[in-house]
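Subject: Handover of a structure and its findings

Dear colleague,

Please find the structure below, together with its sequence.

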Amino acid sequence: MTKLIEYAEASDEVRAVYDDIRATRQTDYINNFWKALANHPPTLQRTWQTLKEVMTSPGELDPLVRELIYIAVSVTNNCDYCISSHTAAARAKGMNDEMFGELMAIIGTANMTNRLANGYKIPVDEQFKS
């Protein structure tokens, strides 16, 4: 298992990212994901900046929808850590058990139909092409 870098033992560069995470998320808690990436500060910095921009910048998708999309991709990629952390974030943004059940049904159905379309090598209808 990767060593988790705690704030007290972190370099100044890592502490700066941790401080930004805390300020952005309005919490003192630093997830294990960030503590693991702190083993390589450039990856920590780059990943945090990208995630911060995509997940918190103003846009057309509200914060809950963004979390639901993140869960869907994480389920499809079989990332237990991301499923757990983004499910917690989605619940904090208003997702309830019924919404989670519907989301799982959509994810399962999409994965099934994607595999069928790929397996049958179904050509894309002209009207669906952009």
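How far apart do the C-alpha centres of domain 1 and domain 2 lie? They lie 24 Å apart. The domain assignment, which is automatic or from a database, gives domain 1 as residues 1–57 and domain 2 as residues 59–120 of the protein chain.

Two remarks on conventions are in order. This is a predicted model, in which local features need pLDDT of at least 70 and side-chain atom pairs count only at pLDDT 80 or more, while totals for chains, interfaces and linings use all residues. Residues are numbered from 1 along each chain as its sequence is written, and side-chain values use heavy atoms, with hydrogens and water left out.

Overall form

The interface between the domains

Eight residues of domain 1 are in contact (heavy atoms within 4.5 Å) with six residues of domain 2. The two domains bury about 570 Å² between them, and carbon and sulfur atoms give 58% of this area; buried area is the accessible area (1.4 Å probe) that two parts lose on being put together, summed over both. In domain 1, the residues that lose the most area to domain 2 are Phe-33, Met-55 and Ser-57, together 66% of what that side buries.

On the side of domain 1 that touches domain 2, helix H2 (32–37) and helix H3 (41–56) are the elements that give two or more residues. H3 supplies the largest share of that side, four residues.

Salt bridges

The structure as a whole holds six salt bridges. In one of them, the side chains of Lys-93 and Glu-67 meet at 3.7 Å, N to O. Lys-93 is in the loop between helix H5 (80–92) and helix H6 (97–120), and Glu-67 is in helix H4 (residues 63–76), so this pair links distant parts of the chain, 26 residues apart.

With kind regards

Note on methods. A salt bridge is a side-chain nitrogen of Lys or Arg within 4 Å of a carboxyl oxygen of Asp or Glu.
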